Amino acid sequence: MSFTILGTGSALPKRTVSNENLSEFLDTSDEWIRTRTGIHTRHVLTSETVTELTVQAARKALEMAETEPQQLDCIICPTAVGDWISPSQACVIQKELGASCPAFDINAACSGFLYGLDAADGWFARKKAKRILVVAVEGISRLLNWEDRSTCVLFGDGAGAVVLGEGDALKYIQLTAEGSMAIHVPGPMGSSPYRVQERETPPGLRMDGKEVYRFAVHAICSGLEQASKATGIPLAEVDHFLLHQANQRILDAAAKKLELPHEKIPTTIAQTANTSAASVPILLDQEVRAGHLQPGKILMLCAFGSGLTSGTAVLRWEQNYKPTDRDKGV
């Protein structure tokens with residue numbers, strides 16, 4: 001016994017920042033960003049908190065799953081950093097929702113949602129849960145060096161959630177990690193009077209773009225090929241590839257190498273940029289609420305990120321969700 005996805009939800013900050021907005025204080029342009037990344041806009045936290053964004057996404061997923069917070073047996077929050085270092089973001093969510101179950105965070109950067117699904121799979125396998133909320137969130141705008149045009153243009157904030165119930169929809173899940181500093185964000189140094197050495201690493205997210213591109217294309221291609229081999233499902237028979245939204249060039253290169261049709265690879269990258277751990281569940285929720293997923297369809301999920309980590313999963317979609325007027329923006 002593993003799990004099936006009962007409901008999805010997502011939330012984005014109200015403030016949209018365009019490439020033109022960034023060019024007002026960075027030496028960049030809309031044309032430069034768009035042609036190299038596929039990104040047009042991103043959403044950035046202003047007055048909202050990470051907690052507010054997370055709870056909004058979680059409540060949408062709970063509503064679709066017809067699940068009350070008190071029915072949850074576990075809350076897992078993949079995130080690089082929440083509103084607090086302690087308590088965990090998951091515990092803050094638990095309080096806000098009025099749940100009473102165990103709750104913990106997972107930090108696997110952009111692969112965090114897949115790591116969260118794998119952890120949830122273990123809870124179901126040990127029969128310790130009937131309902132689990134996995135809600136990924138990133139306030140990554142707080143971690144960026146806004147003077148570094150090579151990185152700050154790539155990211156946005158957001159949250160995505162799923163409510164899982166007992167079932168057999170999960171067919172495969174595999175995680176990897178390389179132990180690399182190709183993407184890194186220094187942690188707080190504190191003010192200990194006993195510290196004898198100042199940190200030389202500048203603040204903010206740093207990234208080796210060429211190394212990350214190489215790893216990302218390889219992670220998608222090898223992850224999907226291994227998933228296909230393990231499940232016996234040819235890539236040609238997969239209905240939807242839900243891939244981490246880091247850069248359109250990465251998606252295009254992987255699609256070309258595997259000969260995947262672009263119509264099977266939905267994207268949010270143009271509107272949301274890279275929302276790290278929240279990227280895949282935001283994309284999943286978008287597809288569900290657009291009515292693009294029907295029962296029986298096969299999904300392959302793949303994410304990659306700092307660590308360098310990756311995760312790949314194969315799921316059969318089982319819900320017959322009908323988009324509401326709210327989903328359609330009516």
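**Exercise 1. Describe the segment that UniProt lists as residues 230-317.**

Solution. The record, an unreviewed entry, gives residues 230-317 as "domain: Beta-ketoacyl-[acyl-carrier-protein] synthase III C-terminal"; UniProt positions are in the numbering used here, feature names are shortened, and annotations may be inferred rather than shown by experiment. Over this stretch the chain is 32% helix and 23% strand, with the end C-alpha atoms 19 Å apart, where helices (H or I, at least four residues) and strands (E, at least two) are DSSP runs numbered from the N terminus.

The model is predicted, so local features need pLDDT of at least 70 and side-chain atom pairs count only at pLDDT 80 or more, while totals for chains, interfaces and linings use all residues. Residues are numbered from 1 along each chain as its sequence is written, and side-chain values use heavy atoms, with hydrogens and water left out.

**Exercise 2. Work out how helix H6 and helix H7 pack.**

Solution. Begin with the geometry: H6 (residues 209-231) and H7 (residues 248-258) pack at an angle of about 40°, and their axes are 9 Å apart. Axes are lines fitted to C-alpha atoms, for helices over the stretch in contact, and angles run from 0 to 180 degrees between N-to-C directions. Finally, turn to the residues in contact (heavy atoms within 4.5 Å): H6 contributes residues including Tyr 213, Ile 220 and Glu 225, and H7 contributes residues including Arg 249, Leu 251 and Lys 257. The contact residues divide into eleven nonpolar, no polar and three charged, counting Ala, Val, Leu, Ile, Met, Phe, Trp, Tyr, Cys and Pro as nonpolar, Asp, Glu, Lys and Arg as charged, and the others, Gly among them, as polar.

**Exercise 3. Repeat the analysis for helix H3 and helix H4.**

Solution. H3 (residues 50-64) and H4 (residues 89-97) pack at about 60° with axes 10 Å apart, and H3 and H4 are therefore oblique to each other. Among the residues that meet are Val 55 and Leu 62 in H3 and Val 92 and Ile 93 in H4. This contact divides into seven nonpolar, three polar and two charged residues.

**Exercise 4. Locate the residues of the UniProt feature "active site".**

Solution. The unreviewed entry places this feature at Cys 110, His 244 and Asn 274. They span 165 residues in sequence, yet no two of their C-alpha atoms are more than 8.7 Å apart, so they gather at one spot. Cys 110 itself lies in the loop between strand S5 (103-106) and helix H5 (112-125).

Notes
Parallel < 35°, antiparallel > 145°, perpendicular 65-115°, else oblique.
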